[in-house]
Structure formats: C-alpha cells, structure tokens
Amino acid sequence: HAVSQYASRGQLKLVTVLLKLAQSVFFVNNNSKSCILLLDDISAELDKRHFSDVLEVVAELRLQSFISSIEPIQKLISNKASYKMFHVEQG
C-alpha cells in the first residue's frame, strides 16, 4: 500500500527525510567516501519535536549538510553540533 494513502503531509515529509538519512548512512557505510546531505525546507509540515529530532540525527551523522528552513534552527539543535548559517532576506 502507498504511504500517501494513509499518512498525513507531516508524516509523509518525515518518512521522506528518514529515507534520505538512511540512504546517506547506507552510502557512507558501503563506500570509502562521504557524501553531502541536502535537505530543503525540512521544517515544512514537521512539528517542532520532529524537526528537532531530524536535526539531531543529521548532526550525529557528521556529514557535510546543507539545510534550508524558514524556521530558525539555533534553538532546536544541540550545542554540540557545529553549524554556520547563511541568512537570506528579501529574495
């Protein structure tokens, strides 16, 4: 059965992000190379708890990651994660 028939939009977003994270872990574990993780607007459709949980997992993976979000991540990610923010205003 298709997940889209039974899941909410937030649940679909979470499943999609988790599959991408699993794909990244699989790639790193099966290759001698790392990868770059790109996540676009992960805060869309996720509540703050799931958004924070995803950010924690991304931080634990220790991959180079680019994450776009309309929600600020400073308060949601642990202090142990190192990140840099590029802020865009008015386009």
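**Exercise 1. Which residue in β2 is the bridge partner of Leu39?**

Before we start: this is a predicted model, in which local features need pLDDT of at least 70 and side-chain atom pairs count only at pLDDT 80 or more, while totals for chains, interfaces and linings use all residues. Residues are numbered from 1 along each chain as its sequence is written, and side-chain values use heavy atoms, with hydrogens and water left out.

*Solution.* 
- Step 1: Find β2, residues 64-67, which pairs with β1 in the parallel sense over 4 bridges. Strands are DSSP runs of E, at least two residues, and helices are runs of H or I, at least four, numbered from the N terminus; pairing requires at least two DSSP bridges.
- Step 2: The partner of Leu39 is Ile67.
- Step 3: Follow the chain from β1 through α2 to β2: this β-α-β crossover is right-handed (clockwise from first strand over the helix to the second, with strands pointing away from the viewer).

**Exercise 2. Sort the β1 side chains by face.**

*Solution.* 
- Step 1: Recall that side chains in a regular strand alternate between the two faces of the sheet.
- Step 2: Leu37 and Leu39 share one face and are buried (under 20% relative accessible area; exposed is over 50%, partly exposed in between; 1.4 Å probe, protein chains only).

**Exercise 3. Is Val3 buried or partly exposed?**

*Solution.* 
- Step 1: Locate Val3 in the segment before α1.
- Step 2: Val3 counts as partly exposed because its relative accessibility is 42%.
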